[in-house]
Amino acid sequence: MSWMNIELILLIALPALTAVIMYFSKYFKQRLRNFFAITGAGIELYLIFSLFVVNYEAVKKSDFFLQYTIGYQNTPFVINFAMDNLSLLFSLIVTGAVFLIVIFSTQYIRDKEHRYFALFFLVLAAIQGSILTADLFTLYLFIETITIFTTPLISFKKTEETTRAAMQYLFYGITGGIFFFISMILIYFKLGTLKMAAVAESFSLISAPMQLTIIIFFLLALIIKLGIFPIHFWLPRAHSACPAPISALLSGVLLKVYLYIFMRLFWTMISFDFLVNLHLNAFVLDLALVSSLIGHIFALQADNLKKMLAYSSIGHIGMILAVLMLNTEAAFYGGLLHIIAHLLMKSGLFLSSGYLLQRTLSHHIDDLKGIGHKNRLVFIAFITICLGTIGMPPLIGFVSKWYVLLAFLKARHFFGAFVVGAGSIIALIYYLRYISQAYETVKSESLSLKEEFFSLREIFNSTNIMKTVIYIFTLLVIFFGLSYQLFELPVNTAIFELLNPQKYIELVLGG
Amino acid sequence: MAVIWQQFLSSFQFDSYFPLLAEVGVILTLMTALAAWNYIKENKFWYYILTFVYLLSSLVVILTNDWFFFLFGWEMVTLATTFMLAWSDWKLVRQYFVIQFSGSSILLFGALAANAFGYAKIGAINSIPLQFLLIMGIGMKSGLFLFHFWLPPIHSEAPAPVSAILSGWVVKLGYIFLLKIIPLEKGNTFLFLLGLAMVIYAGWQALRSADLKIMLAYSTVSQLGFIALAIGTGGKYAFYGAVLHIIAHGFAKTTLFISSGIWQKEYGSRIIYDFKDAISRRPVTSAAAIMSLASLGAVVFTAGYKSKYLIKSAQTPGILVTTVFFLLGFLSFLYAARVIYWIFIKDQDYSNFLSDLKHGFNHYQIYTADVLALITGTLGIIVVSFWPEMPAGVLASLADKDFHLISGLRDSLIYLALAAYLFVNNNGFKIKVRDNLSLENYLQAFLNFVYGLSRKSVKFDTEKIFEAFFYNAIFNASKKLYNLVYQDFTIQLLWIPIFMTVLLLWQQIYAYF
């Protein structure tokens with residue numbers, strides 16, 4: 001395994017290149033443009049997946065590591081990419097979800113597609129970059145890139161509401177970025193390096209008050225980005241204003257990327273012991289739990305379907321952050337499993353809500369009357385995924401809820417266990433409200449057994465690609481719920497990385 | 001993938017009486033499937049898919065000893081039975097699902113707590129608080145006292161085969177679980193008291209209801225009380241009594257709900273007094289129903305007698321226990337005998353020609369499937385009553401057990417004489433039919449009570465009071481909180497510096513506490 005792995009650059013360069021092609025695709029025919037978009041995302045997925053398959057033995061032994069360096073080795077402005085098991089897991093799930101979202105958006109977006117896809121692929125490149133990067137400066141750049149390129153996507157429809165949401169999003173995003181920047185600058189002045197591994201090695205040399213300041217600004221930046229309770233105001237507005245695929249990207253994928261960055265910063269770069277010494281871990285844990293509860297309660301009163309889904313995202317992200325802060329192996333297992341589960345479920349929910357809301361007057365609950373009858377199968381998929389989020393078997397939500405709850409109880413943290421249980425009961429109530437509204441006008445038909453059996457064929461006769469993507473998400477939710485042990489190997493190796501940051505540090509610095 | 005499959009298969013336990021219970025569950029499900037063949041008209045395909053899912057997952061619940069698969073199976077049971085209620089009303093689906101989901105949340109909490117406290121497999125749990133938590137968990141699902149409020153409305157409104165499934169077997173799953181976790185030697189006093197309360201309260205309610213399905217639902221709660229009481233007592237014979245009672249009551253209640261469905265189609269009514277001359281109009285149905293009711297009322301030689309005798313014999317002997325159990329038995333006998341009394345009554349009004357003509361036809365055709373289901377149920381009761389040691393000798397030590405049939409015969413005759421005296425003098429306890437039971441009405445009564453504390457009782461518009469409570473009240477409360485947090489943009493922004501200060505001064509704040 002050479003330590004100069006050009007694949008890593010390719011992973012970032014490929015979406016960027018696709019973005020350039022997509023920008024000039026307004027002269028193409030629609031079919032060609034869709035082909036390019038799907039191929040771009042497909043090759044990306046293939047690359048990641050082949051990385052996983054080729055290095056399967058190494059992943060199994062948890063000594064999988066790839067890295068690539070650009071620039072002059074001995075200056076601080078070297079750009080360094082590294083991939084270990086944790087980044088591999090996140091890269092894999094994120095790319096998989098994005099691939100499906102791209103397929104959905106080829107049919108969903110009917111206007112200014114070239115701009116949409118150019119921005120979309122730039123965001124994808126930045127996401128891959130921020131997952132793969134191994135130094136703080138590049139990470140900062142990629143985070144800012146994500147913020148800046150998602151803003152026009154949020155205001156893609158150009159109404160007053162979306163513009164307001166986008167401005168708010170941009171403001172909060174930039175503020176978060178500034179806090180991140182302050183921490184970074186402080187580290188640079190103290191240590192003279194921005195390589196995460198080098199920082200990790202010598203972080204204890206910094207004086208205690210400065211450590212506190214650095215940690216607090218990092219925390220603040222990530223709490224703003226994750227939409228944890230006191231600073232969550234931008235999240236529901238931004239996530240509900242944009243087109244459905246972008247909601248899925250923001251809520252399903254991007255929040256997980258920020259969680260990944262959180263783990264990278266506070267487990268690999270700054271050891272978790274520093275948080276424990278400063279008594280910050282308990283504070284963040286309780287804050288995240290309160291945020292989870294508040295998110296679910298606010299979802300109750302949301303009269304807008306997409307806003308409700310966004311608030312429920314706040315609830316789930318708070319829960320994941322809280323369980324990660326427990327810092328035990330069981331907690332990481334539950335947290336990572338719930339990250340995967342929530343990624344699948346929330347993307348599926350946002351995409352199906354996008355499909356359902358195409359022909360309604362507005363997103364308001366009163367206008368949803370009878371959509372359950374008009375789009376029968378899609379709405380059944382929607383209900384199935386809803387059941388997944390409240391944790392019914394045989395869906396993946398049950399498995400992840402199980403492990404999260406088990407982690408809380410093993411750590412004897414009963415408030416956390418209460419929040420998980422209460423959250424899913426509240427979630428049941430707010431989903432039922434929408435579901436019963438969708439079946440408002442009751443229609444009954446009597447079919448014989450034979451006719452009914454043949455009517456099942458309509459599932460297979462579906463020609464609509466958007467519907468197919470939604471069904472794929474639903475089937476994935478069911479499939480992984482039944483065979484969640486497929487994730488055991490990647491998740492366990494990722495936990496190994498989190499618990500042994502020393503390996504990462506040695507490999508990066510040794511190269 | 002292979003690993004989870006092996007784990008799943010190896011978690012199955014085929015010892016003691018649980019395989020027997022699983023077999024009984026399969027037979028009962030097949031009975032209801034037979035009965036549903038003509039009862040369910042629309043979407044038959046989906047109904048049978050759901051039945052199949054229910055069958056498999058209930059087997060998992062009974063046989064597995066792994067917490068994960070146990071809860072997995074139970075949630076699947078919940079999901080399958082929930083959607084079966086859709087053949088009656090979607091409103092029921094919503095209510096049942098909300099209640100079952102709250103119950104399973106408590107159960108999930110309890111199960112994971114047990115798991116975290118070192119009970120890796122499902123087995124006897126010695127810690128009293130954990131036992132309490134798990135009893136509370138199944139309380140909502142299996143209708144323990146005070147949590148049983150949802151059971152009569154939902155079991156009586158469901159389609160007859162679904163009621164048979166719910167009342168005959170789904171509620172029993174909780175008690176089968178309790179058989180595993182309550183230690184055999186000690187029992188649990190709390191459970192015993194709950195069971196006693198259930199027998200008395202629900203028995204009285206069953207006697208007070210004129211609607212057959214509501215009466216059956218209350219009698220389910222009452223008989224479940226006997227099971228809870230037996231498990232709470234502890235001891236070998238009490239547990240055997242519980243197992244026998246689960247089986248006997250399963251057969252009897254399934255048969256009764258199926259016959260209630262047939263009578264309902266035949267007479268177009270669910271009121272007990274309308275089933276006049278049922279014995280000659282639907283002879284097979286009535287025979288099966290009489291058999292099951294005799295078992296419910298613990299008439300000597302029937303299955304119910306054997307199980308109740310075992311439960312009684314496990315108590316510390318004494319005059320008090322004898323009296324209490326005599327009275328409890330009398331209560332069950334009374335509400336069972338009342339139905340039998342009314343199906344023998346013939347005083348039909350044949351004064352006009354039309355009603356006479358109507359009487360000449362069977363409104364509801366006699367289907368082979370129905371008859372088959374009823375015969376299976378009757379056979380089940382007969383098997384339990386004459387071979388309490390069960391086929392293959394699962395409860396082998398019961399073969400030589402003396403059931404004191406003579407004293408049983410004496411008690412039954414006394415019951416019969418008392419019941420006959422009471423019925424003849426009170427016109428068969430003919431009671432005014434109560435309004436439809438529903439959770440909305442319960443809620444209205446509750447609200448009336450709360451409202452009435454301050455002023456005169458008012459009539460609420462109950463049309464959507466369930467929704468009004470669950471949705472509007474909760475939503476308005478959350479809206480208030482939302483408005484509190486969401487001030488204008490500048491105040492939102494203020495959170496960032498406030499929060500930063502808190503974080504920066506966190507050390508001092510932490511030290512202060």
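Colleague: Which residues of chain A does the UniProt annotation "domain: NADH:quinone oxidoreductase/Mrp antiporter transmembrane" cover?

Modeller: The entry is unreviewed. UniProt positions are given here in the numbering used for this structure, feature names are shortened, and annotations may be inferred rather than shown by experiment. For chain A the record gives residues 134-425.

Colleague: What kind of model is this?

Modeller: Residues are numbered from 1 along each chain as its sequence is written, and chains are lettered from A and ligands numbered from 1 in the order in which they are written. Local features need pLDDT of at least 70, side-chain atom pairs count only at pLDDT 80 or more, totals for chains, interfaces and linings use all residues, and the model itself is predicted.

Colleague: How much of the span 134-425 of chain A is helix?

Modeller: Helices are DSSP runs of H or I with at least four residues, strands are E runs of at least two, and both are numbered from the N terminus. The end C-alpha atoms of the span lie 41 Å apart.

Colleague: How many helices does chain A have?

Modeller: Chain A has two strands. Its C-alpha atoms fill a box of roughly 75 × 55 × 50 Å along the principal axes. The helix count is 24.

Colleague: What is the radius of gyration of chain A?

Modeller: The radius is taken over C-alpha atoms, and the globule rule is 2.2 Å times the number of residues to the power 0.38. For 511 residues, a compact globule would come near 24 Å. Chain A agrees with that, at 22 Å.

Colleague: Is A:Phe142 buried or exposed?

Modeller: A:Phe142 sits in helix H6 of chain A. Buried means 20 or more other C-beta atoms within 10 Å of a residue's own, exposed means 12 or fewer, partly exposed lies in between, and C-beta atoms are placed from the backbone. A:Phe142 has 22 such neighbours, so it is buried.

Colleague: Which residues does A:Phe142 touch, leaving out those up to four places away in sequence?

Modeller: Contact means C-beta atoms, placed from the backbone, within 7 Å. A:Thr39, 103 residues away in sequence, is 24 Å away, C-alpha to C-alpha. The residues touched are A:Ala126, A:Gly129, A:Ser130 and A:Thr133.

Colleague: Is A:Lys158 buried or exposed?

Modeller: A:Lys158 is in the loop between helix H6 (136-154) and helix H7 (160-191) of chain A. Its phi is near 55°, a positive value in a residue other than glycine. With 10 other C-beta atoms within 10 Å, it is exposed.

Colleague: How exposed is A:His279?

Modeller: A:His279 is not a glycine, yet its phi is positive, about 60°. It lies in the loop between helix H12 (272-277) and helix H13 (280-301) of chain A. Inside 10 Å there are 14 C-beta neighbours, so A:His279 is partly exposed.

Colleague: Which residue does a cis peptide bond join to A:Pro393?

Modeller: Omega is about 0° at this bond.

Colleague: How many residues of chain B are in contact with chain A?

Modeller: Chain A contributes 42 residues to these contacts. Elements giving two or more residues on the chain B side include helix H1 (2-10), helix H3 (44-63) and helix H5 (90-116). The count for chain B is 43.

Colleague: Which element gives the most to the side of chain B that touches chain A?

Modeller: By class, that side has 30 nonpolar, seven polar and six charged residues. Ala, Val, Leu, Ile, Met, Phe, Trp, Tyr, Cys and Pro count as nonpolar, Asp, Glu, Lys and Arg as charged, and the others, Gly among them, as polar. With 12 residues, the top contributor is H5(B).

Colleague: Which residues of chain B is A:Leu405 in contact with?

Modeller: A:Leu405 is among the residues that touch the most other members of the largest nonpolar core, which has 356 residues. Such a core is a set of buried Ala, Val, Leu, Ile, Met, Phe, Trp, Tyr and Cys residues joined through C-beta atoms within 7 Å. Beyond four places in sequence, A:Leu405 contacts A:Ala417 and A:Val420, and in chain B it contacts B:Leu108 and B:Leu112.

Colleague: How far apart are the C-alpha centres of domain 1 and domain 2 of chain B?

Modeller: Domain bounds come from an automatic or database assignment. Domain 1 takes 2-349 + 358-429, and domain 2 takes 439-512. Their centres are separated by 40 Å.

How values were computed:
Two residues are in contact if their C-beta atoms, placed from the backbone, lie within 7 Å.
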